[in-house]
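Trainee: I'm new to this one. Could you walk me through it and tell me what the words rest on?
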Amino acid sequence: MMLEPPMNKLLQQVPSRYMLVNVVAQRARQVASEAEEAGISLEDKPVTIAIREVAEGKLHPEDEEG
């Protein structure tokens with residue numbers, strides 16, 4: 001199974017795998033919470049959405065601190 005987007009593309013946006021996991025996990029929780037509060041059903045899993053946001057440069061480690 002190929003990871004899409006590729007890990008090297010994700011690591012261009014986030015400097016380490018450890019930080020990548022933390023950023024994606026935090027954003028995925030946020031996406032899931034927002035969807036639940038709004039009462040909407042997501043087409044993709046929250047983790048998939050968060051990974052795409054990192055790959056597209058929409059999400060950076062400093063955005064998820066705190």
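Trainee: Among contacts in the chain between residues at least 6 apart in sequence, what share joins residues at least 24 apart?

Mentor: That share is 58%, where contact means heavy atoms within 4.5 Å. Keep in mind that this is a predicted model: local features need pLDDT of at least 70, side-chain atom pairs count only at pLDDT 80 or more, and totals for chains, interfaces and linings use all residues. Residues are numbered from 1 along each chain as its sequence is written, and side-chain values use heavy atoms, leaving out hydrogens and water.

Trainee: How confident is the predictor in the chain?

Mentor: On pLDDT, the predictor's confidence in each residue from 0 to 100, the chain averages 88, and 89% of the residues score at least 70.

Trainee: What makes the pattern of the chain α-α-α?

Mentor: Helices are DSSP runs of H or I with at least four residues, strands are E runs of at least two, and both are numbered from the N terminus. The chain has three helices and zero strands, so reading along the sequence gives α-α-α.

Trainee: Why is Arg-27 called buried?

Mentor: Arg-27, in helix α2, has 14% relative accessibility. Buried means under 20% relative accessible area, exposed over 50%, partly exposed in between (1.4 Å probe, protein chains only), so Arg-27 counts as buried. Buried residues make up 29% of the 66 residues in the chain.
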